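Here is a short briefing to read alongside the structure.

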Amino acid sequence: MTTALITGATSGIGKATAELFAKNKINLILCGRRKDKLIALQKELSTLVDVQILQFDVTNLIQVKNAFDSLKEKIELIDILINNAGGAHGLASFEQANFEDMDLMIDTNIKGLIYVSRLITPFMVQKKRGTIINISSIAGKESYPFGNVYSATKHAVDALTKGMRFDFNPYGIKVASINPGMVETEFSNVRFKGDEKRAKSVYDGIHPLLAQDIADAIYYMASRPSHVVISDLTILPVAQASAQVVNRNK
């Protein structure tokens, strides 16, 4: 059976992808920081497929290494890597941005993706097969006011995806990115540090994408025949024309 590793699997797009993969008989290695949620998801999906869980912070290389070493025999079998862990922290003009927020976005969105991918891809190279899907954002295609560092990190994901595609081309490894627009998950709650009113206002007057919409696209990308790769996919809600243009029907 196929085995997929998903980072940031405890909520939102990661959780929806795990649930869809399990329904399609893909064994899972689910990664996240919240052990209680990992255990709950493992219990939910273990009736369908084999589910392993790993608790670690993608920004901590030692934690990532130790987690993968603890499950090395399973890690070597990974066919699909979904680099989903990431997030936005704060929304401010650059000169007012919080240094901790900036560091966290750089560490999670860029370094976390690098750490996980660097430790898993040697096994894909050895097997000469595998699929890597990096979850980026419309912010990786265009910048927008007050999104400065977040947008920079997602532009980096776009560049990393292209660079990985070049490097892994000789080995038949598929490398892709998916770039969602406005998706109603925990994203805005995290960005606004638990301010639910402000987070909810992001989606006022529109029908945003749902986590399941992105999971459907990820599964489609991951399940193409061996000679096909959907290398770059941008998905927006109908109400959104770009990172900045949104039709709000109030």
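Predicted model: local features only at pLDDT ≥ 70, side-chain atom pairs only at ≥ 80, totals over all residues.

**Strand β1 and its partners**

- Strand β1 (residues 3-6) runs parallel to strand β4 (residues 80-83), and 3 bridges join them.
- A4 has I80 as its bridge partner in β4.
- On the β2 side, β1 pairs in the parallel sense over 4 bridges.
- T3 has N27 as its bridge partner in β2.
- Which way do the side chains of β1 point, and are they buried or exposed? T3 and L5 point one way, A4 and I6 point the other way, and all are buried.

**Helices on the sheet**

**Where α1 meets α9**

- The axes of helix α1 (residues 12-23) and helix α9 (residues 211-222) come within 8 Å and cross at roughly 55°; the two helices are therefore oblique to each other.
- The crossing of α1 past α9 is right-handed.
- On the α1 side, the contact is made by G12, I13, A16, T17, L20 and F21.
- On the α9 side, the residues are A211, Q212, I214, A215, D216, I218, Y219 and A222.
- Sorted by class, this contact of α1 with α9 has 10 nonpolar, 3 polar and 1 charged residues.

**Where α3 meets α5**

- Helix α3 (residues 61-69) and helix α5 (residues 99-127) have axes that come within 10 Å and cross at roughly 35°.
- This crossing of α3 past α5 is right-handed.
- L61, V64, K65 and F68 of α3 meet Y115, V116, L119 and I120 of α5.
- What is the make-up of the contact of α3 with α5 by class? The contact has 7 nonpolar, no polar and 1 charged residues.

**Where α5 meets α6**

- The axes of α5 and α6 come within 9 Å and cross at roughly 15°, which makes α5 roughly parallel to α6.
- Here α5 passes α6 in a right-handed crossing.
- From α5, the contact includes M102, M105, I106, N109, I110 and L113.
- From α6, the residues in this contact include V149, Y150, T153, K154 and A156.
- The residues of the contact of α5 with α6 divide into 14 nonpolar, 4 polar and 1 charged.

- L81 is found in strand β4 and counts as buried, because its relative accessibility is 0%.
- Leaving aside neighbours within four places in sequence, L81 is in contact with L5, V116, S117, I120, M124, T131, I132 and I133.
- The C-alpha atoms of L81 and V245 are separated by 32 Å, and these residues are 164 residues apart along the chain.
- S117 lies in helix α5 and, at 4% relative accessibility, also counts as buried.
- Beyond its neighbours within four places in sequence, S117 is in contact with L81, N83, P122 and M164.
- T161 has its place in helix α6 (residues 148-168).
- Is T161 buried or exposed? T161 counts as buried, because its relative accessibility is 1%.
- Not counting residues up to four places away in sequence, T161 touches N134, V175, A176 and S177.

How values were computed. Residues numbered from 1 in each chain as written. Heavy atoms only, no water. Axes fitted to C-alpha atoms, helices over the stretch in contact; angles between N-to-C directions. Parallel < 35°, antiparallel > 145°, perpendicular 65-115°, else oblique. Left-handed = near helix turned anticlockwise from the far one by under 90°. Contact = heavy atoms within 4.5 Å. Nonpolar A, V, L, I, M, F, W, Y, C, P; charged D, E, K, R; others polar. Buried < 20%, exposed > 50% of the residue type's maximum accessible area, 1.4 Å probe, protein only. Pairing = 2+ DSSP bridges.
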